[in-house]
Structures are given as C-alpha cells and as structure tokens.
Amino acid sequence: MADTAVQSAPAAGSSSRPSALKKFFLHNLSAKVAAIPMVATVLVVFIGCTIWTIYYSFTNSKLLPTGKFVGFDQYERLFATSRWNVSVINLLMYGAMSLVLTLGLGFLLAVLMDQKIRFESAFRTIMLYPFALSFIVTGLVWQWIMNPTLGLQGTMRNLGWTNFTFDWIANPRMVLFALLIAGLWQGVGFCMVLMLAGLRGVDEEIWKAARVDGIPTWRTYISVVLPMMRGVLVTAVVLIGSGIVRLYDLVVALTNGGPGISSEVPAKYVYNYMFSGGNIGQGLAAATMMLLTVMIIMVPWAYLEFGGKGRK
Amino acid sequence: MQPSVSIKDLSLNFGNVKVLERLNLDIAQGEFIVLLGPSGCGKSTLLNCIAGLLDVSDGQIFINGKNVTWEEPKDRGIGMVFQSYALYPQMTVERNLSFGLRVSGMAKDEIARRVARAAEILQIQPLLGRKPANLSGGQRQRVAIGRALVRDVDVFLFDEPLSNLDAKLRSDLRVEIKRLHARLKNTMIYVTHDQIEALTLADRIAIMKNGVIQQLADPHTIYNKPVNLYVAGFIGSPSMNFINGSLDGATFTADDGTKIPVGAYDFAAQRGAATKAVLGVRPEHILLGDAAQGMPFQTQAEIEIVEPMGSETLAWTKVAGIPVTFRCSSDIPLHAGDKVTVGFDIARGSLFDAQSESRL
C-alpha cells in the first residue's frame, strides 16, 4: 500500500482519474475491509431477503418457494382470514396497552427509585431480573400462575375462598390482559432502569431552581424533567416497540394462541403458515404486511426524529 | 431599620461533620454581601440554607423580620441564580421566565408585565422566543437572573453565577450585576471564590473558612486591615509577603536577625511582653528607589525574577532570607540581577500574632 501511494504521487498531475479511483479504494483500506461483513449482511439479509419475501408473497408457493405469479391473491385471502384479522387487532390492542403501561409504570417506578431510598441497588436488581429471563420461561411461569386449576385461582379456592375467580387465561375476552401482565412483568424493570439513568442525568441545580420557583415536585417531573429525557424516551420506545411487533414466544408459551384463536398474533400467523402450514406464499404475504405496517409508522417518525440536521 | 436577612446561631451538620457552627450574620436592606472562601468552606451551604434548599440543624433565619427557618423556598421571598444557569432546557426563554408564575396561578397580564420588565432590564427582549441551547453562556446567565427578577422578591441569592463563563464575559457580566444592584437596590447575597468579584461587587465581604466567618467588613478594610493571617493570605494577588520573627516593643526581628522598626504601625491594642509575630506587607507597599528613602525600613535586595504585566511589573527578590514579591510601575526598568534599595511601608503593613494568627 505504502509504495503504491508513493508511486501515484508524482503521476497525480498527468493522470488524476486512476489515482482518484485508487484513493477511493485504498484510503482507510483496513476500515473498509472491516466493514465488508456488515455491508454484505445488510445487502443480502436485510435488503435481499426483504425483496425475496415481497416477490414470493405474490406467488402461490406452497411447501417450496417455486410457485407462479398470482398477483394479489395471497393478500385477498389474507384479509379474508378471520385468524389474521384477529391477530392484527390483538397486536394493536396489546401494543397500545403495552407501550403506554410499560412507559408509564417504568417512569413511575423510576421516580419512586429516585427518592433516595434505601437498598436501591437491591430493588433495581429485583426489578431487572425478569428481563434476564427468556419469554418462553416468563410465559411458562405465568401459565402456571394463571392456570385456573393449578395456579392462583386453585390455591385461593383450596384456602377457602370458593368464589375466587382468576381465569383470564381461559377467558377469550380477557386473555389479552393475561398476556399483558406477563409482558409487563418482564419489560417494566428494564424500562425503569433506562428511565432512572435518564433521571439521574438531570442537573441537581434544575431541581433547586424549580423549588425556588415554587413548582411542585410532580409538576417538575412532568414539565421539566420528562422533556429533558427525550433521548432516553426515544430509546425506550424503539426497544418496547420492536418487542411488541415481534411478539411471538410469549404467546406460544403462555396460551399458544388460545383459547380458540383469541390470542393469536401476526408473527405466529407467519410462522405457522411458513413452517407448519406448508403455505409459504400466504406466510410471506402476512410478513410483508407486517413490514409495511412498521414502515408506515417508522419512516415518517424516523424522518422527524433524525432527519432535520439543523435541530438540537 | 430591621435587617433584610438575619441569621442567628445557625448550625448545620451532615452526620458528624459540622459544616456550619453557630453562625451569625445580619444583612442590611439593599446591601450587597459577598460570601468568599475556598471550596468546601461552607459558603454555598450557607446560601442554600438561606434559600431553604437545605434544612438547618439548629438556629434561625429571618428574612424581613419574618422567621423563615422552616418555610419552603418559594415562600421566603427570594430569587436564586445558579452556577450552571439551571434553565429549563425544553422551554423558551419567555417560558423559562414565566413558568414559576404560571404554576402559581398568577394573572396572565401580570405575568406578561413582569416578563416584559425583566427582559427590558436585562436587555434580553430579542431572545424571548429562543431556547437555552441557542444562547451563549452570558445570555443564559442573564435569563437565569431574569427568572429571579420576575419573582419580584426582596432578596437575590447568587451561587457562583459567573464561574462557568470565560474571563472576558465574566468581567462584563460583573459590571452588569453591579449596575443591576444599583438600579434595583435589592438585598443581594453572592457566593464566589473569586476575590476580584468579591472586592469589586461587595458592600461587605464575609470571608469564610471551615464554616466560620473570619471577617465581615467592607472591601477596603478587608484588604488593608485583615483580622488574621488567613484573611491576609487569601485576599490579594499576588498574595501578601509574610516574614516570621518576633516583636519586642517597636522593633520586629526577623528569624535571620534583620531588625525592622515598626513604630509607624497602628497597633490595635496595647501589648505586653515580646511575642512571636508575623509581619505582612502587600507587594504594592514595598517601594523602590527614591520612594523607599522615606520608609522606616530599607534594605538592599537583588532582583531574581521580573514579571512585566503591562500596566505594572512584579518583581521577586529576597528580604531577610525570605522570598518577597513587590509591585512597581512598568516605567521603571528592572532586570534580573539588579541590586536595588527597597523600603517597607510599615504603616500600611500588618502584624499578626504567630500563635493566635490574629492581628496585633
């Protein structure tokens, strides 16, 4: 490398084009080599597979991706399937509640932790522990707790409260809330730790100034501190949001979509059609719809959040 | 007239550490008091106690005759300005000024009137729509002062407000604070570790060390008649020259035997027997050449280092075996190695007891 650079230097005046080209490839060569795996991953996995997915969602592929082009047939079928429609509504409801409650409870817990309490690090560890478990374990544990015969309901009835009822997991109208409990149990601790870090980043003198101004503590949290935590909030929303969209393993472990189809979610629909239903075209159509939904939300938001360079 | 702020036997402990101990301070209406001291001397702690941001362990605080020892900060009639400005970053300047008033439920037109007045006094009308991130340090501090101003209070507290600014801005804003005080005539309590700020701004300076006020006096007295060795060494740059020795009658004998007549010195009290003492002379009270002739004590000295400062020159030499700095006009040509006659202006010097370190 070194001698090419020396050779090209005197020739630069006569033939600048080849040397500029060389410069493009040779400048910071090691950095470019190091970036190749990631560039390849992005091109092949993210972009390549996305295009592949979209293409085959327009075919009638069954067990293997070999079918012929059928236009929007798979999509027509998709939206005529009640299982898909239920899945979408479930995800929207679960997502909205999960996002609001995780952020809300996470912030509330962080505020409580911020009150100079004793054993703070012990509490923090306890709160964060569920996050260390996989969704499968979380789902299994809560399945046992909420099982009407084995879990909480059975225990309470054995203790004498024979009217005690906690059967959300077996109740089609309440099963989403059962999912929500398990999801919150797992996710709130992490959100709290993020928020707590954000709270700790606020200058002590801001608090003093607010006290001198006579602003109540709760008002200071909402009107002054929360807006200052914008970066932390964005991080938390992105993490919680991506967790919601790919919600799958918790459902499999906790309810397996039941009772009936009342707790089905899109990711499970895609998986079932692609790997056990033997209908790749249908699964890919569902996957494409998920991607489209995420893009519709993400693109304008990302543009607003990160697009304008002059701000901040 | 009742004092604006009155502190009676104030003590503050953090666990076993006594930060402030039985501290008394009376501040007159409209007075500009500077609390001066090195970091850790308790000056900011005292200010926070006055503001009500720290609970005191013992003692009382009165503001305008009202006992506010256990009042919330907002009910004490104070406004406070912080070192880090502590502006609310997501609000515009206008919101920053008005937020506290809005929360307290004040009428809209009254808020607007007060914000307009503060903006006019501080010359920040063009900045009202901006956010703190788009302001310079000096502008931010002006907004922070404005936030104290709109509260329409009697007492202003400043906690090292200029420490985050660069030297040029600091001297500009210093003058502005002085102008503000001249216009508003409020009581102001100002904490700083910068002696220039203290000397230029204060009506009275309280020099603190280890939670105790060492001397409370006007800048002239503090500078010329420091009550003890600590104050004498803390105030003045370069600091006062100290010569250790002993005092017998009107003669001071340095440790190396040099005799210095101190008959011209204005002793605070009659003294008894000979004592160990420290003679302090400010660099500008050591005179050179012809001016030295009239002085009670003169000696030959060799210049070691010369520091030309533009308007004046600092020179380092040795007198009685001790390194001594003196200040002279930059018109006098001085070079290292020169032999000169220096004279001490004893009448303007200071003598301290070596044991008690207090002024004789």
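Colleague: In what order do the 6 strands of the open sheet with mixed pairing in chain B stand?
Modeller: The model is predicted. In this open sheet of chain B the pairing is mixed, and the twist from one strand to the next averages 15°. The order of the strands is E6-E7-E8-E3-E9-E10.

Colleague: Which strands stand at the edges of that sheet, and why is one side of each left without a neighbour?
Modeller: An edge strand of this sheet has a single partner strand, so one side of it has no neighbour in the sheet. In chain B this applies to strand E6 (78-81) and strand E10 (212-217).

Colleague: Which helix of chain B packs on the sheet, touching E6 and strand E7 (155-159)?
Modeller: The helix in question has a direction that makes about 170° with that of E6(B). It spans residues 137-149 of chain B and is helix H4.

Colleague: Which residue is the bridge partner of Leu35(B) in E9(B)?
Modeller: Strand E3 (residues 32-36) and strand E9 (residues 204-209) of chain B run parallel and are joined by 4 bridges. Leu35(B) also touches Ile189(B), Val191(B), Ala206(B) and Met208(B), among others, when residues up to four places away in sequence are not counted. The bridge partner of Leu35(B) in E9(B) is Ala206(B).

Colleague: Which residues touch the most other members of the largest nonpolar core?
Modeller: This core has 155 residues. Its largest share, 12 residues, comes from helix H9 (residues 175-200) of chain A. The residues that touch the most other members, however, belong to chain B: Leu35(B), Leu157(B) and Ile189(B).

Colleague: Is Thr92(B) buried, exposed or partly exposed, and why?
Modeller: Thr92(B) lies in the loop between E6 and helix H2 (93-103) of chain B. Leaving aside neighbours within four places in sequence, Thr92(B) is in contact with Leu128(B), Gly129(B), Arg130(B) and Lys131(B). Because Thr92(B) has 17, it is partly exposed.

Colleague: How far apart are the C-alpha atoms of Thr92(B) and Ala269(B)?
Modeller: Along the chain, Thr92(B) and Ala269(B) are 177 residues apart. For scale, the C-alpha trace of chain B spans about 75 × 45 × 35 Å along its principal axes. The separation of the two C-alpha atoms is 60 Å.

Colleague: Which strands are at the edges of the open sheet of 5 strands in chain B?
Modeller: The order of this sheet is E13-E12-E11-E14-E21, with antiparallel pairing. Its neighbouring strands are turned by 40° against each other on average, direction ignored. The strands that pair on one side only are strand E13 (259-261) and strand E21 (350-353) of chain B.

Colleague: Which residue in E21(B) stands opposite Val278(B)?
Modeller: Strand E14 (residues 275-281) of chain B runs antiparallel to E21(B), and 4 bridges join the two. Opposite Val278(B) stands Phe352(B).

Colleague: Which residue takes a positive phi in the hairpin of E18(B) and E19(B)?
Modeller: Strand E18 (residues 312-319) and strand E19 (residues 322-329) of chain B run antiparallel and are joined by 8 bridges. One of the pairs across them is Leu314(B) with Arg327(B). The hairpin has 2 residues between the strands, and the positive phi, near 55°, belongs to Ala320(B).

Colleague: Which helix gives the largest share of the side of chain A that touches chain B?
Modeller: The contact takes 14 residues from chain A and 17 residues from chain B. By class, the chain A side has 7 nonpolar, 1 polar and 6 charged residues. The elements that give two or more residues to this side are helix H10 (204-212) and helix H11 (217-228) of chain A. The largest share, 6 residues, comes from H10(A).

Colleague: How far apart do the C-alpha centres of domain 1 and domain 2 of chain A lie?
Modeller: The domain assignment of chain A gives domain 1 (2-56) and domain 2 (78-307). Their contact takes 4 residues from domain 1 of chain A and 6 residues from domain 2 of chain A. The distance between the C-alpha centres of these domains is 42 Å.

Methods:
Residues numbered from 1 in each chain as written. Chains lettered and ligands numbered in written order. Predicted model: local features only at pLDDT ≥ 70, side-chain atom pairs only at ≥ 80, totals over all residues. Domains from an automatic or database assignment. Contact = placed C-beta atoms within 7 Å. Core = buried A, V, L, I, M, F, W, Y, C linked by C-beta atoms within 7 Å. Buried ≥ 20, exposed ≤ 12 C-beta atoms within 10 Å, placed from the backbone. Pairing = 2+ DSSP bridges. Axes fitted to C-alpha atoms, helices over the stretch in contact; angles between N-to-C directions. Nonpolar A, V, L, I, M, F, W, Y, C, P; charged D, E, K, R; others polar.
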